Amino acid sequence: MSLFKSFYLNGTAKLITGTTAAGDFELFGKLRQYLGTDSRNLGNLFFSVRLLNQQPAWFYERYQSNHFRWDQTLVKSQYLTFAGGYTFKTFEAGAEWNLLDKHIYLDENAHARQTSGTIKVFRLYSNFHLNPGKFDIIGNVNYQLSDNDTLVRLPDLSARLRVAFHQQLFKNAATFQTGFEAVWFSAYYADAYMPALRAFYLQNDKQIGDYPFIDVFIGLKVKRARIFVKYANLFGLTGDYSYYASPHYPARDHRLYFGVSWRFY
């Protein structure tokens with residue numbers, strides 16, 4: 001729905017009928033107010049709300065294997081999210097407030113559990129995409145805070161930055177690109193992986209994070225052929241081996257690789 005050429009409202013509603021998940025529903029609404037019109041403006045303000053009422057997955061109520069088993073009855077979980085922010089061209093900044101009621105998780109013994117109350121998670125974020133000259137810069141920054149970090153654990157800060165330089169060669173017959181990509185998040189007790197369940201569970205033994213994953217690359221596109229050379233996890237050359245994908249599972253070591261993709265049609 002559009003009003004006054006500057007105010008837009010949209011929403012969705014979903015309801016499940018039947019047996020197992022009967023009564024599950026999702027409601028979503030979003031409004032956007034342009035500071036001007038949708039074609040000429042100084043950006044726009046937006047606000048959204050999402051409510052999800054969800055039956056627990058069968059896995060969390062009944063499970064049997066050689067190593068794990070449980071048979072329990074859980075109630076529906078509710079997830080409510082309020083979000084708002086400001087967008088101007090390729091820049092966006094905003095905040096989210098998430099309420100997780102009757103949240104379901106796997107505890108330190110990798111057994112399914114459900115909270116009796118509500119957990120609140122707050123998030124501030126910023127996304128941007130800049131194109132100064134022949135450069136292409138894409139990045140985002142996140143700040144997250146959980147009021148119950150014994151059950152919902154998140155890195156306080158996380159960031160990603162990609163910088164690339166483009167240059168046309170041979171009278172625009174080829175495109176050359178070089179740059180780097182960096183990813184970082186603060187240290188925290190991330191959930192550990194349980195192979196027997198193929199799921200993640202809470203752990204208090206090891207922190208991961210506070211390590212910069214840096215990749216540098218060179219690429220060349222000639223008509224339909226693409227050639228690239230990339231050195232991944234550059235910071236690994238310093239001898240700091242504290243990089244993990246999840247607790248007890250190391251991320252890939254620093255490495256050089258290259259490839260060619262050539263489409264024939």
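## Strand pairing, salt bridges and surface patches

The model described here is predicted.

**Paired strands**

Strand β8 and strand β11 (residues 118–130) are antiparallel partners joined over 11 bridges. Strand β8 (residues 91–101) also pairs with strand β7 (residues 77–88), again in the antiparallel sense, and 11 bridges join these two strands. Within this pairing, Gly-85 faces Gly-94 of β8. The hairpin of β7 and β8 has 2 residues between its strands, and Lys-89 adopts a positive phi near 55° there.

**Salt bridges**

Side chains of opposite charge can pair when their charged atoms come close. The whole structure contains 11 salt bridges.

| Pair | N to O distance |
|---|---|
| Asp-24 and Lys-76 | 2.4 Å |
| Arg-160 and Glu-181 | 3.0 Å |
| Arg-62 and Glu-61 | 3.7 Å |

Asp-24 forms its salt bridge with Lys-76. Asp-24 belongs to the loop between β2 (7–15) and β3 (25–36), while Lys-76 belongs to the loop between β6 (69–71) and β7, so this pair ties together parts that are 52 residues apart in sequence. Asp-24 is buried, because its relative accessible area is 7%, a value under the 20% limit. Lys-76, with a relative accessible area of 22%, is partly exposed.

The side chains of Arg-160 and Glu-181 also meet in a salt bridge. Arg-160 is located in strand β13 (residues 157–169) and Glu-181 in strand β14 (residues 174–185), so the contact ties together parts that are 21 residues apart in sequence. Arg-160 is partly exposed at 39% relative accessible area, and Glu-181 is partly exposed at 23%.

In the pair of Arg-62 and Glu-61, Arg-62 is partly exposed at 32% relative accessibility, whereas Glu-61 is buried at 7%.

**Surface patches**

Met-1, Leu-3, Phe-4, Leu-9, Leu-31 and Phe-47 make a nonpolar surface patch of about 620 Å². One of these residues, Leu-3, is placed in strand β1 (residues 2–3). Leu-3 counts as partly exposed because its relative accessibility is 34%.

A positive surface patch is formed by Lys-221, Lys-223, Arg-224, Arg-226 and Arg-263. Among them, Arg-224 occupies the loop between β17 (213–222) and β18 (225–232). The relative accessible area of Arg-224 is 40%, so this residue is partly exposed.

How values were computed. Residues are numbered from 1 along each chain as its sequence is written. This is a predicted model: local features need pLDDT of at least 70, side-chain atom pairs count only at pLDDT 80 or more; totals for chains, interfaces and linings use all residues. Side-chain values use heavy atoms; hydrogens and water are left out. Patches are made of residues with over 30% relative accessible area and no salt bridge: like charges are joined within 9 Å, nonpolar side chains (Val, Leu, Ile, Met, Phe, Trp, Tyr) within 5 Å. Accessible areas come from the Shrake-Rupley method with a 1.4 Å probe; for residues, only the protein chains shown count as cover. A salt bridge is a side-chain nitrogen of Lys or Arg within 4 Å of a carboxyl oxygen of Asp or Glu. Helices (H or I, at least four residues) and strands (E, at least two) are DSSP runs, numbered from the N terminus. Buried means under 20% relative accessible area, exposed over 50%, partly exposed in between (1.4 Å probe, protein chains only). Lys and Arg count as positive and Asp and Glu as negative; His and the chain ends are not counted. The place of a charge is taken as NZ of Lys, CZ of Arg, CG of Asp or CD of Glu. Two strands pair if DSSP finds at least two bridges between them.
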